Amino acid sequence: MALTLEQVRHVATLARLALTPEEEQRLSTQLSAVLDAVTQLQSLDVENVEPTSHATLTASLLREDVTRPSLPPEKSLANAPAKSGTSFAVPKIIE
Amino acid sequence: MPVSDFQPVIGLEVHAQLLTQSKIFCGCSTAFGAEPNRNTCPVCLGMPGVLPVLNERVVDFAIRTGLALECRVNAKSVWSRKNYFYPDLPKGYQITQYDLPICEHGKLLIDTPQGEKLIRVRRIHMEEDAGKSVHDAGGGQSLVDLNRAGVPLLEIVSEPDLRDADEAVEYLKALRDVLVYLGVNDGNLDEGSFRCDANVSVMPKGSSTYGQRCELKNLNSFRFVKQAIEYEISRQVDVIESGGKVDQETRLWDVNKGVSRSMRSKEDAHDYRYFPEPDLPPLHVTTEVIEAVGHALPELPRAKLQRFVSQYGLPAYDARILTAERPLADFFEACALRYPDAKKLSNWFLGELLRLLKEEGSTVSSVRFTPAQLAELLGAVDQGTVSANAGKDVLAEMFLTGRSAPDIIAEKGLAQVSDTGAIEAVVDDILAKNAGEIEKYRAGKKQVFGFFVGQVMRAMKGKGNPALVNELLKKKLGD
Amino acid sequence: MQLTDLTMLELAEKLAAGQVSSVEATRACLERIQRVDPKIRAFLRVDEAGALAAAEASDARRKAGTPASPLDGVPVGLKDLFLTEGLETTAGSRVLEGFVPPLDATVVRLLREAGLPLLGKLNLDEFAMGSSNESSAYFPTHNPWDVTRTPGGSSGGSAAAVAAREVFGALGTDTGGSIRQPAAFTNTVGLKPTYGRVSRYGVIAYASSLDQPGPMTRTVADAAALLQILAQHDPKDSTSAPVKTPDYSAALEQGVRGLKLGVPREYFAQGMEEEVEASVRAALREYERLGATLVDVSLPHTQYALATYYLIAPAEASSNLARYDGVRYGLRAKDARGLKELYSLTRERGFGPEVKRRIMLGTYALSAGYYDAYYLRAQKVRTLIREDFTRVFQDVDALVAPISPVAPFKLGEKVDDPLSMYLMDVYTLPCNLAGVPGLSVPCGFTKAGLPVGLQILGRAFDEALLLRIARAFEREHDFFRRLAPI
C-alpha cells in the first residue's frame, strides 16, 4: 500500500511536523514499505475477536479525593522556554 | 419560506465542573482564582513519564448524576485519548470517555407552554478540563495558565429533542438545578463552571431529516444561549432561503456584537484520533456501588416542588421559589416542622427572608437564627404579642444578630398592647380631641374611621393591638 | 581481579563484610568510566557528585549496621528514560535537551531508598525507538565485545555499561525487546518483567501499553536482587499490578528437573544466523541434560506480531510524544512565527528520523478512515497473540527461544533500512504484546567472539521461575565470567 505525498503531508499536519521536501519523499517510500508489511493483518479473520488495549487486566485504581501539595510555580516553570510572571508564554494565539 | 415554516432542532452539550477537592487525575487543588500555575504538578503539567490516577469522587459524582437523570450506568466504561494540539492542553491529548461512557440513555423533564416535555439525555461522560490561555496579554504573546487543567468535568449530552431557544434555556435551567441539588456542580455560568455548547440545525416543518448542524460555543449565560440560538436559527434560514447550504462548522458567539462568527476554517478540520487510554484500565462499577449511590440520592428539584405543592398546600409559584435551592427548601421544611401554617410561613420566606438575604448578599446557609426561633416569632405574631409590622423588624434584628424574638421584643419594647383598659383610655382621649371629625363620621363620612385608627396607633407608638383598637373605636362611635 | 569485575552480589558481600567501601566501589566505577567510556560511549551524563554523596551515606549506614537493603552501596546506572530529580533527563532526544525533572521516577526513588548510588544516565535510542542505539540524538553506543558493532537497543547504553563493567548493574526499559536484545548482544542478563510488575511512573513513555522497566545485570542472581527492589505496587501508576512481591532469590538454585519447557517452532524460522541458532539449540540440549522436558509447541500468531507491534506502538507513541510542543519544557523553535510554527518547527527539529517515522506511522494508523483497518485490527490480533501464550502455558512451564535472529551487527549497517531493522525484533515483540515476562541469559559466543543470548518466556508474574530456569543454565556455563575485551 503506497502512501502518497499528499497523504504524508496531511499526516504531518496532524502530527505538527514541518517536514522538508526530502523527508516527505523519503517517508512516503519508507512508510509505504512498512504499510505493505502490515497489510498481512488484513488476511486474518478477527470479526469476533475482542481488541486488547491493556496488557494486563488490572482493576481500576482509584485515589481518594484529597489535595496534595502542588509544585511551587518556580518549579513548574523552571524548564519553560518562555514565561511571563508565573504563566507560560507562547506566540500570540489568533483564533 | 418564512422562518415559521422551518423547524429548529437543538441539542445541547453541557460541561459541568465537578465540586471535588482535587483534580481528576492528580492531587492538585481545584480552587478557583489562584495565581497562574499555582495549582499544578508534574501530572497536570503533562511532564514526560507521569501517569494519571483517577479521583474516586469523580466516579461517585458521575454515577449520582446519571441516576438523577435516569441513565443506565455502565458496569464497564472506557477512557480514551482525544488528540489535538493547543497550548492549554499540556499532554497534547485530553483524557475523556468516547466509545463507552459511564452513563447513557437518560432523560430530563422540562416545562414548556404546551406542558411537560421529556428531553432525552444521550450520554454522560467524565473528562479533564483544559487550562486557560490569555490572548490579550500584550507583547505579541499569549499566556498559559494550567491551574484548570485536570479539573474534573462531566459532559452531559442531550438528544436533539429541543425545538426552540426557550426550550433550550428551560432544559439548561432544569439540568443546572439538578446538578446543584446533587452537590456535584456550583451552577455558575459566569465563572465557566457550567458551560454550554449548542448544536443547532433547521429543517422544513414536517420533514424528518435533520439539516446540517452548527455548533455554537461561548454561551456563558442563559440570555446568550437564547440570543445565540435564535440568531443561529434565523441565520441558517437566511442561508437556505438565499439558495445556499449550511456548512457544518463551529461558531463563536460574540457577546458584544450579538452575532456569531465561524471559529475554525475547513483546512483545520479536526481529526481527534481517539483511541483507548493505555494508562488507565477500563473503569468497572459494581451493582453494589450503583445501589449505594442511588440510596444516598437526594430528592430532586422537580419532585420536591411537586411535594411542596401537595404536602404543604402551597401555590406552585411559592413552591418553585422555595425549592429553587436545596438549602432554602431544607430550611423551609425545618421551619414548617415547628410552624404548621405553611402558606403563612411561605409568605414570610418570600416577603421577608429572601429580601433580607438579597440585601445582605448572602445565602440561607448563613442565616443566624434557627427554625425554632422563626417559629417562635411567627407564633408571637399570631398570638398578638407583637404586630405583624413590628414582627418584620424583629425578624430583621434576628437576621442580624441571631437573638431570639422575645429578647428583641422585650428590649426594643415592641410588645403589642392588648390591654383593653389602656387602649380605651387612648381612644377616649383621641375622640375627645376630635369632636368635629366625630360629627363628619356620624354624618356618613365613614372614611374618617381610618383617621381615628391612625391617631390612636400613633399615640400608642404603633404598639396597640389593631383588632382591639378597631373594636373599641367602633363601639365608642356607636356602630 | 579488579573491583569492577565483581558482580553486584559479590560486591554487596564485601560491603557487608567491611572489606570495601561504597565510596571505593563508586570511585572504581567512575575511574573505569573515565578510562573506557570514550570507546564505548554508554554514558550521556555521569553524576559523580551525586553518586559519591550516596556512596558516603551508604558507608555510614553500613558502619552503623543499618544497611537499607542487601544492595546498599552497589553503584548502578540508569537508562536516560528514567526521570531523575535535578539531573537532566533527555530520552536521547534533542527535544528534551536541558530538561531537568522536578521529580524522580518511582523506580529511581526505590533505588535511592535501597541505598544504591546512581552513577548517571545511559544512552539509548531516541525515546527508546530502535534496536541499535543509533537513533540516539547524541551519539551511538559501541559494543564492548567489538566496538565496531552495536550493543543493541534501545537500552544499549545500559547493556554496554554493564558489559564494560562501568556499572555493576543498570535499569533498562523494554517495549519490544529493548532490554532483552541488548542483553543478548553484550553477554549480560536482562529481564523484562510482567507488564504492571514494575512501576512506569516517571519513565518517559514510548508505548504505554507495552513499556516495562527492568534490571540489566551480569548474573541471574544480580537480576533477582535488583528486581526485588523494583517490583513494588505503585499507587501512582494505574496499570501497576497490586500483586505481592515474592522472594525472587529463594528458588534460584532449585534447577529445572521435572520442568516442561516449550520450544516454539515459529521462533526457529528461516533467516536466523546459523551460529546463533546453534548456540540456542545447544542451550536447549543442556536443559534436557539438566532434567527438563522439551516440548515442541506452536504460537501460531507469531508471524503477525511484527505488524501488530508496528501499528500499536507507533500509535501510542504518536500520542505520547504530542506533549513535546515547546510550550512548557524542552526545545522551542525560537524563530517560530505564530503558534503553528512553534509546534511544527519545534517538533521537526527536536525529533530524529526514526521518531518522526513512528509518529507519522502512528498518526496515520489512528487517523479518520484508517483506525478500524489498522489500529483496531492490530488490537484484535494482539488478543490472538495473547491467547497463543495463554494456551501454550496450560501445557508447559515456560518457553525457551532465541532473542535475536542475528548476532550484534555493524554500526551503520541497517540505519537506512527501517524495515530490516524492525525485523530484528521479531522474537522479542510477542512477549510485550502478551504482557508476559521475558528474560535474556547469555548462552554462548559466535566464532568471532560475539555474544548470543537465550530467551526464556513465562506466565504473567512468574519472574521467579524464569530466573530459576536461567540460573540453572548459568550454573553450568558461567559465560558471565568472560569479560568483554575492553
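**Notebook: helices of chain B**

I checked the length of helix H9 (residues 371-382) of chain B: at 1.5 Å a residue its 12 residues should span 16 Å, and its end C-alpha atoms are 17 Å apart, which agrees. The expected span is 1.5 Å times one less than the number of residues. Helices here are DSSP runs of H or I with at least four residues, strands are runs of E with at least two, and both are numbered from the N terminus.

The model is predicted, with local features needing pLDDT of at least 70 and side-chain atom pairs counting only at pLDDT 80 or more. Residues are numbered from 1 along each chain as its sequence is written.

Next I looked up burial (under 20% relative accessible area, 1.4 Å probe, protein chains only). In H9(B), 9 of the 12 residues are buried, so the helix is largely enclosed by the rest of the structure. Among them are Pro371(B), Leu374(B) and Val381(B). After H9(B) comes Gly384(B), with a positive phi near 80°.

I then turned to another helix pair. H12 (residues 420-433) and H14 (residues 448-459) of chain B pack at about 125°, with axes 10 Å apart; axes are lines fitted to C-alpha atoms over the stretch in contact, and angles run from 0 to 180 degrees between N-to-C directions. H12(B) and H14(B) are therefore oblique to each other, a class left over after under 35 degrees (roughly parallel), over 145 (roughly antiparallel) and 65 to 115 (roughly perpendicular). Val426(B), Val427(B), Ile430(B) and Leu431(B) in H12(B) meet Phe452(B), Gln455(B), Val456(B) and Ala459(B) in H14(B).

Key: Chains are lettered from A and ligands numbered from 1 in the order in which they are written. Side-chain values use heavy atoms; hydrogens and water are left out. Buried means under 20% relative accessible area, exposed over 50%, partly exposed in between (1.4 Å probe, protein chains only). Contact means heavy atoms within 4.5 Å.
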